[in-house]
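Thanks for coming. I will take a few minutes to walk through one structure, and you can follow along on the screen.

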Amino acid sequence: EPHRYYSSMSVARSSLSAAVLLAFSVATAAAQQSHISYVSLNPCCIAPDGQGNNFIVSSSPLPPGPSEELVAMTTITVVKVDSSGNSISLFTFPAGNDGQAAAAAVDPLGNLWIAGSVAVSSQSYPTLGLIAKLDSTGTHLLSSGTFGGLDPIGATAISAIAFDPAGNPYLAGSTSQTDFPVTPGAFI
């Protein structure tokens with residue numbers, strides 16, 4: 001059983017907020033005879049930028065390559081839309097083996113952070129938490145990396161991200177990795 005290190009209420013609120021914002025964006029776009037066909041399949045989340053715009057984040061598998069792999073290579077797509085649902089920018093970057101975006105949030109400086117999971121190899125294990133940071137336009141990848149242990153049969157996934165007023169990120173998710181890095185005196 002993976003160790004859970006997040007609050008189910010905060011995940012539920014994040015999921016509900018994303019669903020409400022997506023429904024609002026679609027309803028607003030439909031009412032104005034606009035469409036959001038530029039949003040790729042599997043949207044996971046919407047992150048408001050504080051200026052009336054929203055980032056819509058999604059994960060999509062890449063077209064199959066010449067060799068068969070056990071897990072699919074994926075991309076993460078970020079579309080920034082204005083309050084009318086019109087596309088301001090579109091950016092796609094590779095997310096690795098079976099990479100999945102699960103959460104997004106904007107920091108106090110306006111940068112978009114995306115969190116999720118990615119398989120280390122085409123064998124699907126271990127799975128690590130994925131973290132990517134884009135600039136305020138959503139078109140430049142500033143940094144990306146993974147988070148978790150080296151346990152070859154373990155899995156770590158990040159399912160929520162938030163910021164405190166000082167701009168410090170807080171990540172929540174789950175892990176089954178026996179060597180997951182923890183601070184001294186951690187509860188689990």
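One term before we start: a polar contact is a pair of N or O atoms within 3.5 Å, where, within protein, one must be able to donate a hydrogen and the other to accept it. Please also keep in mind that this is a predicted model.

With that term in hand, look at Lys80. Its side chain makes a polar contact with the side chain of Asp49, at 3.4 Å. Lys80 is found in strand E4. Is Lys80 buried or exposed? Lys80 counts as buried, because its relative accessibility is 10% and the cut-off for buried is under 20%. Leaving out residues up to four places away in sequence, Lys80 touches Asp49, and its other contacts include Asn53, Phe55, Ser87 and Thr137.

Now the strand around it. E4 covers residues 73–81, and eight of its nine residues are buried, so the strand is largely enclosed by the rest of the structure. On one side, E4 pairs with strand E3, residues 54–61, in the antiparallel sense over eight bridges. Val57 stands opposite Val78 in that pairing. E4 also pairs with strand E5, residues 87–106, again antiparallel, over nine bridges. There, Ile76 has Phe93 in E5 as its bridge partner. Five residues sit between the strands in the hairpin of E4 and E5, and Gly85 takes a positive phi near 85° in it.

Stepping back to the sheet: seven strands form an open sheet, in the order E2-E3-E4-E5-E6-E7-E8, with antiparallel pairing. Which strands stand at the edges? They are E2 (43–48) and E8 (141–147); each has a single partner strand, so one side of each is left without a neighbour in the sheet. From one strand to the next, the twist averages 20°. Further along the order, E6 (residues 112–119) and E7 (residues 127–134) pair over eight antiparallel bridges, and Gly116 has Leu130 in E7 as its bridge partner.

Last, the aromatic rings. The structure holds three aromatic pairs, and I will show two. Trp113 and Phe163 are edge-to-face, 5.4 Å centre to centre with 70° between the planes. Trp113 lies in E6 and Phe163 in strand E9 (residues 156–163), so this pair ties together parts that are 50 residues apart in sequence. Both residues, Trp113 and Phe163, are buried.

Phe147 and Phe180 are also edge-to-face, at 5.4 Å and 85°. Phe147 is in strand E8, while Phe180 is in the segment after strand E10 (169–175), 33 residues apart. Phe147 counts as partly exposed, at 32% relative accessibility, whereas Phe180, at 16%, counts as buried.

Notes
Residues are numbered from 1 along each chain as its sequence is written. This is a predicted model: local features need pLDDT of at least 70, side-chain atom pairs count only at pLDDT 80 or more; totals for chains, interfaces and linings use all residues. Side-chain values use heavy atoms; hydrogens and water are left out. Two strands pair if DSSP finds at least two bridges between them. Helices (H or I, at least four residues) and strands (E, at least two) are DSSP runs, numbered from the N terminus. Axes are lines fitted to C-alpha atoms, for helices over the stretch in contact, and angles run from 0 to 180 degrees between N-to-C directions. Buried means under 20% relative accessible area, exposed over 50%, partly exposed in between (1.4 Å probe, protein chains only). Contact means heavy atoms within 4.5 Å. Rings of Phe, Tyr and Trp (its six-membered ring) pair if their centres lie within 6.5 Å; planes under 30 degrees apart count as stacked, over 60 as edge-to-face and the rest as tilted.
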